[in-house]
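Have the model open as you read.

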Amino acid sequence: MSGSWRVALRLARRDIAAHRRRSFLTACLIGLPVLFAGVYTALVMGPSDLAFAIALYLPIMLLIVLLAIPAFGVTARSRRDEHALLESTGGTRTDVRHTITAVGLVTGLLGVAGGLALAVPGWIAMVALINRLDEDQEIVVSLGDLALWPLLALFAVGSSVVAALITAATLPGESGRRDAPPRRRWLVLGIGLAVLGALGIDSSSSDSMWIAGWTTLLGAGIALVTPTLVHLASRVATTLPLAARLAARDADRHRMRTAPAIAAVMAGVAAVTALGIGSFSDNLDRRTESVMYQFPVGTVTMYGESPDALEAAARDAATHGVAILPIGTTGDDEYVSVEYTFASDVSGLQFDNPQFDVVIADADTVQGWGVSLAPQEAAALDSGRALAGPTVAVRDGRIDATLESMDSEVSGSGTPLVIPALPADLGGEPVPDGVRSQLARVVIPPDLARSLGVESVATSAVADRRGPAPTDDQVAALEALPGVAVEVQQEARFASYRLVFILLTLLGVGVVGLATATAVALARLDGREDAATLVSVGARPSTARWSAAAAALLIGGVGSLLGLLVGVIPGVRAATSMTGGYGEAFVAIPWTLLATVGVAIPLVVAGIAFAIAPVRPEQASASLR
């Protein structure tokens with residue numbers, strides 16, 4: 001290591017020790033994204049998920065860079081006199097840059113170490129909570145789950161060093177000098193990168209790494225445009241009240257402090273927005289695709305070892321006050337195969353047993369199962385016509401089907417059947433999550449089944465849904481009957497998925513909120529001399545408070561608005577790639593989450609800034625050490 005770097009590291013350690021609070025805030029900005037990514041990586045990724053990990057770490061790297069730039073800028077500005085002394089004693093501008101880079105390296109190491117240290121108990125607590133609330137799975141804590149943490153640490157420390165290098169390259173050389181006006185070439189480059197990123201997201205495949213890469217490019221482009229937006233905001237603010245004008249003027253004078261803070265908030269909100277839209281859409285899609293309610297929730301079903309056993313149990317059930325309605329199906333060695341079609345408005349219900357695709361029953365029995373029939377549908381069954389659900393192809397009032405053998409290896413090789421049919425909803429009672437319960441795809445009346453040569457066998461039955469639901473004592477009596485098994489249709493549970501979704505969302509919201517608050521605190525620290533001047537000339541305390549609140553709202557509000565706009569693009573792309581397995585893809589918007597991130601958090605941060613703003617000269621001029 002050269003002497004210049006040894007001196008730089010020594011100065012960096014001394015600076016961090018002399019400004020503990022400021023250094024702690026900066027380390028928190030780096031450590032919070034590391035904490036979030038560390039817990040998420042340990043929960044859902046393994047050593048083989050390297051590509052997915054890189055896709056996650058790229059946006060986090062951009063977030064750390066944007067968060068750290070204003071923090072390092074405040075540190076560099078406060079040490080400008082020492083840097084000038086270093087240059088006067090023979091040091092070069094490169095030595096000054098080495099010092100700022102060393103601060104970034106040491107602070108990055110501290111932030112990463114703290115973030116990963118907190119991620120360990122966070123990961124263990126999450127695993128314990130998931131195992132407690134979801135008894136169907138058991139997650140085991142293993143050190144192998146942390147295999148990707150070294151890569152995360154490398155990304156995070158590298159991001160901190162990159163932020164320090166950018167700060168060193170853009171720091172004004174003279175004390176009190178304003179930041180240079182935004183250059184047009186950076187604006188043009190930013191617009192170009194943003195357009196290229198948006199087009200890339202729209203045209204890329206569903207590969208998460210490509211989507212993350214294009215999203216990072218989009219965020220970088222918006223970050224380059226942010227200084228121009230800050231400059232335009234200061235021009236527009238000339239007609240606003242005094243506090244807003246002061247906040248906008250200060251933001252424009254120190255764009256290299258304000259613009260990265262806004263861009264950091266934008267990156268955090270964009271990440272939460274994209275994650276929220278993608279996860280929320282995937283969650284709803286899973287509910288409608290992977291959940292099959294063969295019967296409405298609460299239905300009591302009886303399965304017999306044989307048709308005779310079921311018939312005997314049905315007679316015994318009547319003595320306990322429970323009416324049992326048999327479900328007629330084809331025999332054990334054959335089934336009716338029909339042609340299916342999926343309309344765009346039909347949920348992807350899955351039927352695992354082909355014998356339950358087609359059932360044999362009259363109108364009275366079907367209604368007793370809990371299926372609501374229109375008058376014309378009931379009349380169709382009574383007249384010898386079948387009912388076809390929305391997923392069955394009906395052409396010219398008939399269904400083309402075949403009577404297949406269970407042992408047949410070639411579909412469509414059985415006896416052809418022409419079944420007169422009427423399209424029907426066949427939807428049962430509403431069930432959780434909007435999935436309509438359907439007993440079968442086709443209902444054939446008994447007389448028609450006999451004329452088609454289809455044997456009807458009943459080994460299953462349902463308690464009549466038209467009367468009161470069986471009590472617990474009646475269900476216990478049914479369970480005690482010989483030769484049958486009794487089940488009660490339960491509501492499908494998504495406890496673990498909902499828990500992870502909510503906790504990760506809250507964690508993301510926490511990262512955005514704390515990052516916004518810390519960036520605002522650093523911005524107020526850099527402007528404490530202006531605040532002291534404002535108070536000392538006799539300005540009312542409310543002016544200082546409203547100015548602080550306006551500055552916070554400028555950073556948090558503009559950043560959140562940009563983040564919502566940027567995050568929608570990859571969020572929609574992710575949603576359309578993860579949904580639509582049994583129909584058209586769709587996008588579900590988590591409005592509550594977006595309102596919390598885009599409106600509530602900036603207002604809360606502005607309120608905090610208003611409450612803690614310095615109102616006396618000695619408060620405003622105090623150093624944060």
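Phe-36 and Tyr-40 are both buried, where buried means under 20% relative accessible area, exposed over 50% and partly exposed in between (1.4 Å probe, protein chains only). The two sit four residues apart in helix α2 (residues 20-44), so about one helical turn separates them. Helices (H or I, at least four residues) and strands (E, at least two) are DSSP runs, numbered from the N terminus.

This is a predicted model, in which local features need pLDDT of at least 70 and side-chain atom pairs count only at pLDDT 80 or more, while totals for chains, interfaces and linings use all residues. Residues are numbered from 1 along each chain as its sequence is written, and side-chain values use heavy atoms, leaving out hydrogens and water.

## Rings across the chain

Rings of Phe, Tyr and Trp (its six-membered ring) pair if their centres lie within 6.5 Å; planes under 30 degrees apart count as stacked, over 60 as edge-to-face and the rest as tilted. By this rule there are three aromatic pairs. One of them is Phe-36 with Tyr-40, stacked at 6.3 Å centre to centre with 20 degrees between the planes.

What is the arrangement of Tyr-57 and Phe-155? Their ring centres are 5.8 Å apart and their planes meet at 55 degrees, so this pair is tilted. It links distant parts of the chain, with Tyr-57 in helix α3 (residues 50-78) and Phe-155 in helix α6 (residues 149-170), 98 residues apart. Tyr-57 counts as buried because its relative accessibility is 0%; Phe-155, at 18%, counts as buried too.

Elsewhere, Arg-545 lies over the face of Phe-610, 5.9 Å from the ring centre. A charge sits over a ring if NZ of Lys or CZ of Arg is within 6 Å of the ring centre and within 35 degrees of the ring normal.

## The two sides of α15

Helix α15 (residues 472-479) has Val-475, Ala-477 and Leu-478 buried. They cover an arc of only 160 degrees around the axis, so they lie on the same side of α15; the arc is that of the directions from the helix axis to the C-beta atoms. Exposed Asp-472 and Asp-473 are on the face turned away from the buried side. The buried residues pack against β1 (300-304), α11 (307-319) and β10 (484-488).

## The whole chain

The chain holds 20 helices and 10 strands, and 50% of its 625 residues count as buried.

Notes:
Contact = heavy atoms within 4.5 Å.
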